Amino acid sequence: MKTLVLFYSTYGHAYKLAEAVAEGARQVADNEVLVKRVPETLPKELLDQIGATEAQKAFGHVPVVTVDELKEYDAIVVGVPTRYGNMCGQMQAFWDSTGGLWAQGALVGKVGGAFVSTATQHGGQETTIRAVHTMLLHHGFVLVGLPYAWQGQMGHHEVTGGTPYGASTVAGGQGERQPSANELEGAVFQGRHTAEIAKKLAVK
């Protein structure tokens, strides 16, 4: 079985969640897990201007995904920062290029899910994940979220991400807040849970 954790990250928050999702997926036996990123679409001058160039060096070693390889995976978990309550343009642009796979039905029956980073608690965590879900459903994915079996999203003792739709983190208005232990735990749970379901569906 193969699982892809596919992300775009501006300042590294979604990348940290991606690594946690991958950690959870690797807990499922006989599961090859890869972490990849989608191509950047912003010019370097703008990335420099918003302070993202230096931050992205932390995950510059992560390979860039290709459209054709999506067919190889049993499960794909997509991670994005939100943009006005929707997925970022980089991830949207990548999936906009998968029309050939859609026409072939090449991704039908695969397991999919999503996770997100937002600046604020109410900055579009659920709407962004649901936007990713809509795209995955058009490709025929079987969706897996982050069930309440993970009790970390029931607490109210701290500011935290975590939704039944998928793992999430609150980054702060300047990206100053890093994913908390609770948020990373939710991402690990989601990765393991997704891989477990994909493994069950892969049984012939």
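Keep in mind that the model you have open is predicted.

**Stop 1: the annotated stretch.** Select residues 3-194, which an unreviewed UniProt entry lists as "domain: Flavodoxin-like". Color by secondary structure: this stretch is 34% helix and 18% strand.

**Stop 2: the largest nonpolar core.** Show side chains for Leu6, Leu70, Met91 and Trp95; of the 24 residues in this core, these touch the most other members. Next, highlight strand E1 (2-7), strand E3 (75-83), helix H4 (89-96), strand E5 (111-118) and helix H6 (125-138), each of which supplies at least two residues of the core. H6 gives the most, with 4 residues.

Zoom in on Leu70. Setting aside residues up to four places away in sequence, Leu70 touches a list of partners including Leu4, Val65, Ile76, Phe94, Trp95 and Leu107.

**Stop 3: a second core.** Now select Leu17, Val28, Phe59 and Phe115, which are among the 23 residues of a second, separate core.

**Stop 4: Ala167.** Head for the loop between strand E6 (142-143) and strand E7 (168-170), where Ala167 is found. Is Ala167 buried or exposed? Its relative accessibility is 1%, so Ala167 counts as buried. Show what surrounds it: beyond its neighbours within four places in sequence, Ala167 is in contact with Ala114, Phe115, Val116, Ile129, Leu146, Gly186, Ala187 and Gln190. To finish, draw a C-alpha to C-alpha distance from Ala167 to Leu46: they are 29 Å apart in space and 121 residues apart in sequence.

Note on methods
Residues are numbered from 1 along each chain as its sequence is written. This is a predicted model: local features need pLDDT of at least 70, side-chain atom pairs count only at pLDDT 80 or more; totals for chains, interfaces and linings use all residues. Side-chain values use heavy atoms; hydrogens and water are left out. Buried means under 20% relative accessible area, exposed over 50%, partly exposed in between (1.4 Å probe, protein chains only). Contact means heavy atoms within 4.5 Å. A nonpolar core is a set of buried Ala, Val, Leu, Ile, Met, Phe, Trp, Tyr and Cys residues joined through side-chain atoms within 4.5 Å. UniProt positions are given in the numbering used here, feature names are shortened, and annotations may be inferred rather than shown by experiment.
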